[in-house]
Amino acid sequence: MIRQLTSGERRSAATILVALVIVGLAMAAAGRADTLGVHGAIVFLYSLVLLFLVLSVIFDPEPEPSRLSQYYDDPSKVGIVLTMIWAIFGMGVGVWVAAQLAWPELAFDAAWSSFGRLRPAHTTGVIFGFGGNALIATSFHVLQRTSRARLADQLSPWFVVFGYNLFCILAVSGYFMGITQSKEYAEAEWYADIWLVVVWVTYFVLFIRTLARRKEPHIYVANWYYMAFILVVAVLHIVNNIAVPVSLTGAKSYSIYSGVQDAMVQWWYGHNAVAFFLTAGFLGMLYYYLPKRAERPIFSYRLSIISFWGITFFYMWAGSHHLHYTALPHWVQTLGMTFSVMLLVPSWASAGNALATLNGAWHKVRDDATLRFIMVASVFYGLTTFEGSFLAIRPVNGLSHYTDWTVGHVHAGALGWVAFITFGSLYSVIPWLWKKKAMYSARLVEVHFWLALMGTIIYVFAMWNSGILQGLMWRTYNDSGTLAFSFLETVIAMHPYYIARAFGGLLFLAGAIVGTYNLYMTIRYTPEDATEKAAGDLPVPGRGEAVAAGE
Amino acid sequence: MAAIERDPVTGRLTTGHDWNGIAELDTPIPKVVIFFLVVTFLFSLVWWILMPAWPLITTYTRGALGIDQRTEVEESIEAANAARSIWLSDLAAKDWSQIQADGTLMAKVKETGHRLFGDNCAVCHGASGTGGPGFPDLTDGDWIWGGDPDAIAQTLRVGVNSAAEDTRTSQMPAFGRDGVLDRAQISDVAYYVRSLSDPSLATPETADRIAKGKEVFAANCVSCHGEDARGNVDLGAPNLTDSHWLYGGSASQIVTTIFGGRMGHMPTWEARLAPEEIKMLALYVATMGGETQFTGEQSQ
């Protein structure tokens, strides 16, 4: 794969990696009295391994110029493999942490394995590790196909994939050591945040440059979604993570925001991470892999466009619904609630557009588990966005807030929508990228589908029950005017649901393991597809290529 | 650009865009989408008119209903306090026996006490008050500091070996570690103490050992636990003749207690609970031991 880089690109890669090796060494030396030193060592080792890989082929001959008339898919392939590795890690920690809630002894009395450290390792592992890698890998694939143009260069996609995964490793390993800035879904500390900004800006520039080379007159709606995902996540990440390090030789920093402003910035970030990371990016996936797999035209071009602008506009206002009945001024809560209600319309329009696209292909949904993954994802997208708008209504939130209902809602979205659309898209794209006729085993895709669906339903129903029960127990008064239940009694009442939740999660994890096995067998042991269809997956040759060759 | 075609399934025309084989239909936006956009907007508009909503430069629109969450909370707390004040003032005015004789008031005390116990006491004493090693069982009728409501209320207020100035204090010395007793003496006195609640241990063969233990006991233990070993609620010295053991009643557990001493801890609740809450908890905890509860006459 590295041999596909030109000798100039290999030298640039080596230079970047040497610089990173030095940065890692400097961090390790300066932070030797702190956990920062461990992170320095991780940066050092990570870039050293990559440096050796690059140096081992640095004097090899130049790659064939004919590669420039093909799509550049190697970074997507690596990204897909990393997606599945992170899936098993993130979901595995998720099952563990869910089991801890039912059986607290599973923390084994160690600091690193305590609930407070495992929980962000789970959320970061699945959202950023699994979801982020899936988004990056598929965005490269979709962007090239729908623009009919090769990626703008060969080095920056690798920088994005490996740089992004370095961020994920720093984040997750930090949580185990107790490094956190205590902002939900933004726990990574200042140096990891700065690194992610560098990676993310590179990603955005690469995306725009490739888009500028497109051979189609318009920009396909999937690319609008991917672009919104990249751009807005950059803005959110930078604004929410502005912090002052205690010292340049230590991991700890303090946010420049405090009090209710801090809470508002955090949930503006948090809710738009849901919107632009977990929704917009994955809608980009949906808008490509659904019509491709179903072989049906998109139900309505106009609906896709107004939904896109509706979603991007309304979501920006909705974050304050996370702070109902808090110190946040009442008027901000009102705005968050009302925009969340209006947000339902473009959300359902997107879900409807997806399902209506399947008209004429429902027999395929019945027979093809891959397309069924995508269909179920659209249904869960609709369910979750309805639930989200409902929970954002202030009096409803009075019951649901701080309960497991929120956890159930998030997982209806994360399992039913994000993971289902990802698996559906991956099962579609893997045979295309590796030029195989199909996945190694369609039966295993079917097994994965049912494991995932059962797991999701068990999980979500358990959390609906426990959340509503919990909310009601917290607010039930007896005739004396006192709360009827002590907190301890509400915890005891949750126990059976926590067991059910851990079991649902276990089924979902089992599905991901089956999927990873299927991926491995497809890459290693499935014969290549030599048909014309596979060979015809090429960009339109044109003015871009002369530029690319000189780059 | 591909040619504009008619989709055979829906009968719609395509837009003529071609994205790597993906076409789009030129379906107009369904009316239902516009309808619900209007409906949700009107809903929002009404809400904005009624509630605090839009920021102005130095203030914000207050809303036609004049509702604000801070005043809402204050009002609901006031209303709840007013509703409770009827029986709470009753509780404050009456003494222990008057309250215990008042069935309606006691029903409220038990309801509220149950919740207070769960949120404040259950962490150590267990959800049903049965305690655990080092944490007294409140249901066994065996009271270390007295089981009438007044004594319990005092324990709650000042705690045991707590930070309160007038805390109840009690400490069992470390007879072994501090060299007061040797190994044989500890073993003998432990055997004697066990024989008090387990008569099967007193056999002709062990009579000598028990006699030696009793001697040690008389010289070292009676000042707190009493000559009959029935304890003393004024000193917080447990009764050693029953089958309830705070730190365990096996031979090795008793030896450990005598060797290293004991000094339990219960926090003071005066600053954390309101006086009427302490009153309710004392009454509630007093009922936990059921009918068999010990009273003052147990101490000598």
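1. Basis. The model is predicted: local features need pLDDT of at least 70 and side-chain atom pairs count only at pLDDT 80 or more, whereas totals for chains, interfaces and linings use all residues. Residues are numbered from 1 along each chain as its sequence is written, with chains lettered from A and ligands numbered from 1 in the order in which they are written.

2. Contact between the chains. Chain A contributes 41 residues and chain B 46 residues, two residues being in contact if their C-beta atoms, placed from the backbone, lie within 7 Å. On the chain A side, α4 (115-147), α8 (259-294), α9 (301-318), α10 (330-357) and α16 (487-525) each supply at least two residues. Helices are DSSP runs (H or I, at least four residues), numbered from the N terminus. The largest share, 10 residues, is that of α10(A).

3. Composition of that side. The side of chain A that touches chain B holds 22 nonpolar, 13 polar and six charged residues. Ala, Val, Leu, Ile, Met, Phe, Trp, Tyr, Cys and Pro count as nonpolar, Asp, Glu, Lys and Arg as charged, and the others, Gly among them, as polar.

4. Domains of chain A. The assignment gives domain 1 (1-59) and domain 2 (74-530), with bounds from an automatic or database domain assignment. The C-alpha centres of these two domains of chain A lie 30 Å apart.

5. Contact between the domains. Domain 1 of chain A provides 17 residues and domain 2 of chain A 15 residues. On the domain 1 side, α1 (7-30) and α2 (36-55) of chain A give two or more residues, and α2(A) gives the most, with seven residues. This side of domain 1 divides into 10 nonpolar, five polar and two charged residues.
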